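Hi there,

Here is the structure I promised to pass on to you. My notes on it follow just below.

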Amino acid sequence: MANTQTAPVMEDFASLLDETLGKDSGFDGSVITGRVLRLDGDVAVVDVGLKSEGRVPLKEFAPPGQKPEVKPGDMIEVYVDRYEDRDGSIILSREKARREEAWTNLEKAFAAQQRCNGVIFGRVKGGFTVDLGGAVAFLPGSQVDIRPVRDVGPLMGSPQPFQILKMDRARGNIVVSRRAVLEETRAEQRAELVQGLKEGMILDGVVKNITDYGAFVDLGGVDGLLHVTDIAWRRINHPSEALQVGQTVKVQVIRFNQDTQRISLGMKQLLADPWEGVAAKYPVGAKYMGRVTNITDYGAFVELEPGVEGLVHVSEMSWTKKNVHPGKIVSTSQEVEVMVLDVDQVKRRISLGLKQCMRNPWEEFLDTHPVGSTVSGEVRNITEFGLFLGLAGDIDGMVHLSDLSWDEAGETAIANYKKGDMVEAKVLDVDVEKERISLGVKQLSADPAAGVMDKLIKGSVVTCVVTQVQANGIEVKVDDAVTGFIRKAELARDRQDQRPDRFGVGDKVDAKIIAVDRQTRRLTLSIKAREVEEEKSAMAEFGSSDSGASLGDILGAAIRRRNQMASDGKE
């Protein structure tokens, strides 16, 4: 009997407890609408139409740091977290209600592949957190923008469109992308822009990337190349000198290829062309100050004004430095004075001269050292044809072999000099146009053969002294002043006597002058010609065709007569 009475009592107690605590109320986990009754401390008391009032933390009505926007009488949707707790209150959540509503809406958007709006509010490892109207989503760093973004600060806190990439309600995971939205928008803008793109259009763009040869500019969905030569009229060695990534620029479409979709842009085309009227602005012969902008192996470029450059060829850089690299004469950014030598406005070329702004050192030398004056210089070089002396003004003068000595041959006289010797010479000639200075050492003294040369006439017979015996002839001197040479074939009339070894140094011989070179002061002589001439004279005077005299008799008589005349002359 005891057992049968206890069971009903226990069941009634359990039913009463469930009714009291609301275990089977059916409201747990549901979203319902309630009215705010009052604000009590840090909670809002809400009437949801149940036997007990619910409580919602005020912090769920506003983001952190902001004042909750809720007041008595407001109708709000709340999530029933627990129907009744031990105190008999209903635990409500405004945040969970928003989340449940957001998830429902997001699932619909994800299924329809629609965009959704959200706000970036936090930074986490690998990306950012986004509030999608109550649901928190993850935004990977690679999905923030089309280009890498260094500072996301301006994007945080402002509504942005996003595309849902993946969502799992059971795990509460949502992955979104802002980049997908931008790429879709960019593709639409690109199609619209390309369709209406024409050469000559002026557009605004953003510098996207910088390379050595130019910069890529984003025109809003499509990129164009701004070549380094089209950035400015002035010389730009690298695009980074004038542009930086992210900079907004105004550009003009200068070329557009419909087939390849390549767009060439220009900035300098929007500015006035500085080459217009450049020929009148920079007349030939005028001098200007300019800045060296670039140095090459063949010269240096000088900027006369922004966008207008001229070339100073290496040959026009210095009067004296002929085989020197331009970088050893001028340096980049140096201010120099130049003269305009030529202007070709069509080809956009200006030829400039640097040395023309300095006095010609050969003209200056001629002014200070006229022909006939004496100079002194150091032997800088010795060549097979003479000496080069260093003179004032960093120029050279040459002493030719023939101007080294009156007496010695040039090849012999040059052996007396070596590099570094100080040599005194006379200025013989200055050719300013050819940049040549002729000097003479022997001209410092009088010509010992000056009077003798006037007496020497071609065809006359002279007495000379043998000074050197060679295999091909003998060298002689006339009046101890003028050098002459008698070739082997001219040593005698008879072939058996045409031997140089018949003569010795110091021997005196009579020879006929065949040729006179007054410039080199050398004679060409012939003993054979003298003998032939004497034979003809003897035949004419002492012999005849019918006299019967022999050639020996005739020559003997002629020789005796010549000797007699010689002895009479001595008396």
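**Notes on the model**

V324 is partly exposed, with a relative accessible area of 26% (buried means under 20%, exposed over 50%, and partly exposed in between, using a 1.4 Å probe and protein chains only). V324 sits in the loop between β18 (308–313) and β19 (335–344); strands are DSSP runs of E with at least two residues, helices are runs of H or I with at least four, and both are numbered from the N terminus. Beyond its neighbours within four places in sequence, V324 is in contact with V314 and I329, contact being heavy atoms within 4.5 Å. V314 is ten residues from V324 along the chain, and their C-alpha atoms are 8.2 Å apart.

Please keep in mind that this is a predicted model, where local features need pLDDT of at least 70, side-chain atom pairs count only at pLDDT 80 or more, and totals for chains, interfaces and linings use all residues. Residues are numbered from 1 along each chain as its sequence is written, and side-chain values use heavy atoms, with hydrogens and water left out.

Now for the whole chain. The protein chain has nine helices and 30 strands, and 37% of its 571 residues are buried. Of its contacts between residues at least 6 apart in sequence, 56% join residues at least 24 apart.

I202 belongs to strand β11 (residues 202–210).

Enjoy exploring!
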